[in-house]
Amino acid sequence: MLSTGASRAINDCNAIIDCMASITIRNLEEATKRKLKIRAAIHGRSMEQEAREILKSALRQKPRTGADLVKAIRQRFAPLGGVELEPFPREPIRDPDWLKDWK
């Protein structure tokens with residue numbers, strides 16, 4: 001359970017986040033800026049509005065997991081058909097050579 005002070009701090013933090021309406025991006029490469037400008041013009045938006053739309057779209061996507069990667073690989077290779085492989089024969093683990101001298 002949060003103390004009153006911690007609870008107040010969280011509420012204050014949320015209030016700060018809610019009122020922050022702008023960000024500054026420093027050291028943006030010229031090529032990136034040019035591409036953003038072109039993309040904005042194609043969509044009939046300002047560069048600022050285009051940047052907002054890009055951020056909104058990127059943050060709307062759900063995070064990828066290992067399961068997503070497996071699914072994508074299977075979808076890509078499914079048209080090629082499956083392959084049946086012989087199971088690799090299992091044997092007991094041998095002691096390393098250096099252990100013979102130690103016993």
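**Salt bridges and packing**

Author: The count comes to 4 salt bridges, a salt bridge being a side-chain nitrogen of Lys or Arg within 4 Å of a carboxyl oxygen of Asp or Glu. This is a predicted model, where local features need pLDDT of at least 70, side-chain atom pairs count only at pLDDT 80 or more, and totals for chains, interfaces and linings use all residues. Residues are numbered from 1 along each chain as its sequence is written, and side-chain values use heavy atoms, with hydrogens and water left out.

Reader: OK, what does glutamate 50 pair with?

Author: Glutamate 50 makes a salt bridge with arginine 39, at 2.8 Å from N to O. This pair links distant parts of the chain, with glutamate 50 in helix H3 and arginine 39 in helix H2, 11 residues apart. Helices here are DSSP runs of H or I with at least four residues, strands are runs of E with at least two, and both are numbered from the N terminus.

Reader: Is glutamate 50 buried or exposed?

Author: Glutamate 50 counts as buried, at 1% relative accessibility. Arginine 39 counts as partly exposed, at 41%. The cut-offs are under 20% relative accessible area for buried, over 50% for exposed and partly exposed in between, with a 1.4 Å probe and protein chains only.

Reader: And which residue does glutamate 48 meet?

Author: Glutamate 48 meets arginine 52 in a salt bridge of 2.9 Å, N to O. They are 4 residues apart in helix H3, so about one helical turn separates them. Glutamate 48 is exposed at 55% relative accessibility, while arginine 52 is partly exposed at 41%.

Reader: What about glutamate 53?

Author: Its side chain forms a salt bridge with lysine 56, at 3.4 Å from N to O. Both residues lie in helix H3, 3 residues apart, about one turn of the helix. Glutamate 53 is partly exposed with a relative accessible area of 22%, and lysine 56 is partly exposed too, at 47%. Elsewhere, salt bridges that share partners join Arg39, Arg45 and Glu50 into one network.

Reader: Switching to packing: at what angle do H2 and H3 cross?

Author: The axes of H2 (residues 30–43) and H3 (residues 47–60) cross at roughly 95 degrees and come within 9 Å. The two helices are therefore roughly perpendicular to each other, a label for angles of 65 to 115 degrees. Axes are lines fitted to C-alpha atoms over the stretch in contact, and angles run from 0 to 180 degrees between N-to-C directions.

Reader: Which residues meet there?

Author: From H2, Lys33, Leu36, Lys37, Arg39, Ala40 and His43 meet Met47, Glu50, Ala51 and Ile54 of H3, with contact meaning heavy atoms within 4.5 Å. These residues divide into 5 nonpolar, 1 polar and 4 charged.

Reader: Zooming out, how many helices and strands are there?

Author: The protein chain has 5 helices and 0 strands. Buried residues make up 4% of its 103 residues.

Reader: Last one: what's up with the phi of asparagine 27?

Author: Phi of asparagine 27 is near 60 degrees, a positive value in a residue other than glycine. Most residues other than glycine have a negative phi. Asparagine 27 lies in the loop between helix H1 (4–19) and H2, and it is exposed, with a relative accessible area of 78%.

Methods: Angles under 35 degrees count as roughly parallel, over 145 as roughly antiparallel, 65 to 115 as roughly perpendicular and the rest as oblique. Ala, Val, Leu, Ile, Met, Phe, Trp, Tyr, Cys and Pro count as nonpolar, Asp, Glu, Lys and Arg as charged, and the others, Gly among them, as polar.
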